Amino acid sequence: MNPAGYERLQSQVIPGYGSLARLAVALLVASPAAAADGAEVLVAGCGTGAELVEAVAQRPDWRLTAIDPSGDMLHESRQRLGEQPRIDWRQTTAEDLVDQPGIAGRFAGALSVLVLQSLPDDGSKLAFLSALARSLQPGAQLVLVDLMQTSLPSLEGQLEAAWVGFQQASGLGAEPGAFNQGLHPIGLARLTSLVNAAGFGDPARVFQALGFEGFLLQRRA
């Protein structure tokens with residue numbers, strides 16, 4: 001699927017998707033460590049490049065490392081961005097990247113948008129978050145956006161119905177609700193436990209649209 005098609009699908013499924021990358025980058029731009037000129041920033045799970053486009057637009061001085069385990073996604077992203085000497089493209093995972101020379105403690109900030117939700121909570125989520133923490137400088141921040149379980153079980157049915165209604169109103173041709181098949185959302189309490197174990201402080205919620213939530217995480221010194 002081309003980037004336009006992929007992002008059109010995402011916008012039909014995810015409330016606020018059209019401004020999600022812009023918001024995620026703006027949050028990181030405002031963080032103390034990533035505000036420095038020429039800061040090195042990691043985009044984990046760069047997909048088709050939405051966050052990269054925004055990062056280049058908002059902070060053309062940043063040196064970006066864009067990773068994705070999918071060669072097809074990296075190809076789409078590179079095609080979209082064109083020649084960008086300040087982007088280092090790598091087909092890898094965060095877990096493998098951090099073990100490479102010079103990566104641990106390297107980055108002044110990181111973005112992870114709609115990645116954690118695809119990992120099962122069998123140690124994979126913790127491994128991913130731990131790798132991101134290790135790759136960051138002490139005090140640096142991660143912007144994490146993910147599909148979450150509601151903290152209000154009494155509203156779960158209503159939120160699910162609203163999400164299906166949103167997809168239908170957006171003209172989604174596929175069966176409404178099919179998007180979340182194969183995803184592994186967790187609740188805030190579990191996320192807090194995982195990020196603390198990984199080396200971050202408590203998550204600060206900065207965005208929410210139905211079940212999709214964004215958090216600022218800061219690596220402990």
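Analyst: A residue counts as buried when its relative accessible area is under 20%, as exposed when it is over 50%, and as partly exposed in between (1.4 Å probe, protein chains only). This is a predicted model, in which local features need pLDDT of at least 70 and side-chain atom pairs count only at pLDDT 80 or more, while totals for chains, interfaces and linings use all residues. Residues are numbered from 1 along each chain as its sequence is written, and side-chain values use heavy atoms, with hydrogens and water left out.

A salt bridge requires a side-chain nitrogen of Lys or Arg within 4 Å of a carboxyl oxygen of Asp or Glu. The count by this rule is eight. One of them joins Glu40 to Arg106, with 2.7 Å between the closest N and O atoms. Glu40 belongs to strand E1 (residues 40–44) and Arg106 to the loop between helix H5 (94–97) and strand E4 (107–113), so this pair ties together parts 66 residues apart in sequence; helices (H or I, at least four residues) and strands (E, at least two) are DSSP runs, numbered from the N terminus. Glu40 is buried, at 16% relative accessible area, whereas Arg106 is partly exposed, at 26%.

Arg59 is buried, having a relative accessible area of 11%.

In a further salt bridge, Asp99 and Arg134 bring their closest N and O atoms to 3.2 Å. Asp99 sits in the loop between H5 and E4 and Arg134 in helix H6 (residues 124–135), 35 residues apart. Asp99 is exposed, at 57%, and Arg134 is partly exposed, at 41%.
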